[in-house]
Amino acid sequence: NSMEDAFSVAIQSILTVIKADRASILLADSAGKVRFRAWEGLSREYRMATEEHFPWKMSDLKAQPICIADIEKADLSEGLRATILKSGIRACAFIPLIGENQLLGKFMMYHNRVHTYEPGEINIAKVLAVNLSTVIDRIQSQAALAESEAKFRTVFEGSRAAIYIASVDGYFIDFNPSMENMLGYRREE
């Protein structure tokens with residue numbers, strides 16, 4: 001499964017199960033900047049103005065959801081409040097995506113009217129966040145493993161030194177072209 005598939009399922013779940021009017025998923029990039037990765041119903045202007053806003057420290061593995069029932073009454077800068085209200089958003093909730101070792105990002109649910117977030121909604125959002133975080137962690141781990149394997153293969157295959165990998169009982173499992181030349185045997189043999 002791809003990250004985009006996971007995002008699509010999560011966004012649709014936020015919209016249909018929680019009945020939010022809009023939704024988004026933001027993840028930290030390699031520089032630690034939180035960026036929009038998926039969204040529904042958000043303007044480019046809104047995304048540009050709010051993209052790096054992240055209410056927790058990346059190391060906070062106990063981060064809790066933050067709910068704003070009425071943007072007009074929220075403790076926000078005037079510029080941020082104006083941008084959000086101009087987008088037609090009146091309420092929103094920040095739900096942390098907690099990975100194994102750090103926060104991965106957040107997902108957001110938005111309402112077009114003032115909205116008090118009920119404990120049941122937040123519990124559903126937390127379950128969704130755990131599931132999405134698990135999928136993101138797994139996909140990122142698989143990508144890191146594939147990248148590491150590709151780097152290893154490049155070094156292994158391109159080395160002029162004869163390199164082999166053997167099982168604990170001494171049988172060749174793999175060897176590089178330099179080892180092939182030294183032995184006089186092809187891998188297939």
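Author: By class, the residues lining the largest pocket are 5 nonpolar, 3 polar and 3 charged. The model is a predicted one, and in it this pocket has a volume of about 160 Å³. The lining is made up of L27, A28, D29, M58, E100, N101, Q102, L103, L104, D137 and Q140. Two or more of these residues come from each of β1 (22-28), β5 (103-111) and α4 (119-158).

Take D29 from that list. Its side chain meets the side chain of R35 in a salt bridge, with 3.3 Å from N to O. D29 counts as partly exposed because its relative accessibility is 29%, a value between the limits of 20% and 50%. R35 is also partly exposed, at 27%. The bridge belongs to a network of salt bridges that links D29, K33, R35, E51 and E52.

L27 is in contact with F7, as are I25, R37, A38, L132 and I136, leaving aside the neighbours of F7 within four places in sequence. F7 is one of the residues with the most contacts inside the largest nonpolar core, which has 28 residues; I25, L97, F107, M109, L132 and I136 are the others named for this. The elements that give two or more residues to this core are α1 (3-16), β1, β4 (91-98), β5 and α4. A second core, of 20 residues, is separate and includes L26, Y46, W56 and Y110.

Note on methods. Residues numbered from 1 in each chain as written. Predicted model: local features only at pLDDT ≥ 70, side-chain atom pairs only at ≥ 80, totals over all residues. Heavy atoms only, no water. 1 Å grid on protein atoms, 1.4 Å probe; cavity = no way out; pocket = protein on both sides within 12 Å on 5 of 7 lines; lining within 4 Å. Points joined across faces, edges and corners; volume = space filled by probe spheres on them. Helix = DSSP H or I, 4+ residues; strand = E, 2+ residues; numbered from the N terminus. Nonpolar A, V, L, I, M, F, W, Y, C, P; charged D, E, K, R; others polar. Core = buried A, V, L, I, M, F, W, Y, C linked by side-chain atoms within 4.5 Å. Buried < 20%, exposed > 50% of the residue type's maximum accessible area, 1.4 Å probe, protein only. Contact = heavy atoms within 4.5 Å. Salt bridge = Lys/Arg side-chain N within 4 Å of Asp/Glu carboxyl O.
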